[in-house]
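Visitor: Could we go through this structure together, one topic at a time?

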Amino acid sequence: MIYTKEISAEMQKKFSKIAFENGKSENEFILELIREQIEDYEDAIALDKAIEESTGDFVSLDDVIRELGLENKLL
C-alpha cells in the first residue's frame, strides 16, 4: 500500500538528517516510526484494559526492589 503526504521543506530536511544519523534510509525510518507508533498504541490499549481489570491492589517500586533484594544493585 502506498501513502503520500506533503511535508514542508524544513521538516523534510530534519527528517532526512535524522534518518541519516540513524543509518537508515528515509523509507526504513518511516517504517520504523510507524511500527513504534502502532506498538505504543497497542501498549496503551493493553494498559487501559489491565487498569480496568485491576483489583486495585498495587505494589510500590520500593517494595518490589526490597522483595527482590535489589536495594544495593540499582543505581
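Predicted model: local features only at pLDDT ≥ 70, side-chain atom pairs only at ≥ 80, totals over all residues.

Visitor: Understood. What is the volume of the largest pocket?

Guide: The largest pocket has a volume of about 370 Å³.

Visitor: And which residues line it?

Guide: The lining of the largest pocket consists of Tyr3, Thr4, Lys5, Ile7, Met11, Gln12, Phe15, Glu26, Asn27, Ile30, Leu33 and Ile34. Two elements, α1 (9-21) and α2 (26-53), each give two or more residues to that lining.

Visitor: Which element gives the largest share?

Guide: That is α2, from which 5 residues of the lining come.

Visitor: How do the lining residues divide into nonpolar, polar and charged?

Guide: There are 7 nonpolar residues, 3 polar ones and 2 charged ones in the lining of the largest pocket.

Visitor: Let us change topic. How many salt bridges does the structure hold?

Guide: It holds 4 salt bridges. As background, side chains of opposite charge can pair when their charged atoms come close.

Visitor: Start with Glu10, please. Which side chain does it meet in a salt bridge?

Guide: The partner of Glu10 is Lys14, with 3.3 Å from N to O. Both residues belong to helix α1 and lie 4 residues apart, about one turn of the helix.

Visitor: Is Glu10 buried or exposed?

Guide: Glu10 counts as exposed because its relative accessible area is 54%, and the cut-off for that class is over 50%.

Visitor: What about Glu21: which side chain does that one meet?

Guide: Glu21 forms a salt bridge with Lys17, at 2.8 Å from N to O. Because Glu21 and Lys17 are 4 residues apart in helix α1, about one helical turn separates them. Both Glu21 and Lys17 are exposed.

Visitor: And Lys24, what is its partner?

Guide: The side chain of Lys24 meets that of Glu32 in a salt bridge, with an N to O distance of 3.1 Å.

Visitor: How accessible are Lys24 and Glu32?

Guide: Lys24 has 28% relative accessibility, so it counts as partly exposed. Glu32, with a relative accessible area of 23%, is partly exposed.

Visitor: Where is Val64 placed?

Guide: Val64 sits in helix α3, which covers residues 61-67. The relative accessible area of Val64 is 33%, so this residue is partly exposed.

Visitor: Now some distances. Where is Ala44 found, and how far is it from Glu26?

Guide: Ala44 is found in helix α2. Ala44 counts as partly exposed because its relative accessibility is 38%.

Visitor: Where does Thr55 lie?

Guide: Thr55 lies in the loop between α2 and α3. With 68% relative accessibility, Thr55 counts as exposed.

Visitor: What separates Thr55 from Gln37?

Guide: Along the chain, Thr55 and Gln37 are 18 residues apart, and their C-alpha atoms are separated by 29 Å.

Visitor: How far is Tyr41 from Lys14?

Guide: The C-alpha to C-alpha distance between Tyr41 and Lys14 is 25 Å, and the two are 27 residues apart in sequence. Lys14 is also the residue that meets Glu10 in a salt bridge.

Conventions
Residues numbered from 1 in each chain as written. Heavy atoms only, no water. 1 Å grid on protein atoms, 1.4 Å probe; cavity = no way out; pocket = protein on both sides within 12 Å on 5 of 7 lines; lining within 4 Å. Points joined across faces, edges and corners; volume = space filled by probe spheres on them. Nonpolar A, V, L, I, M, F, W, Y, C, P; charged D, E, K, R; others polar. Buried < 20%, exposed > 50% of the residue type's maximum accessible area, 1.4 Å probe, protein only.
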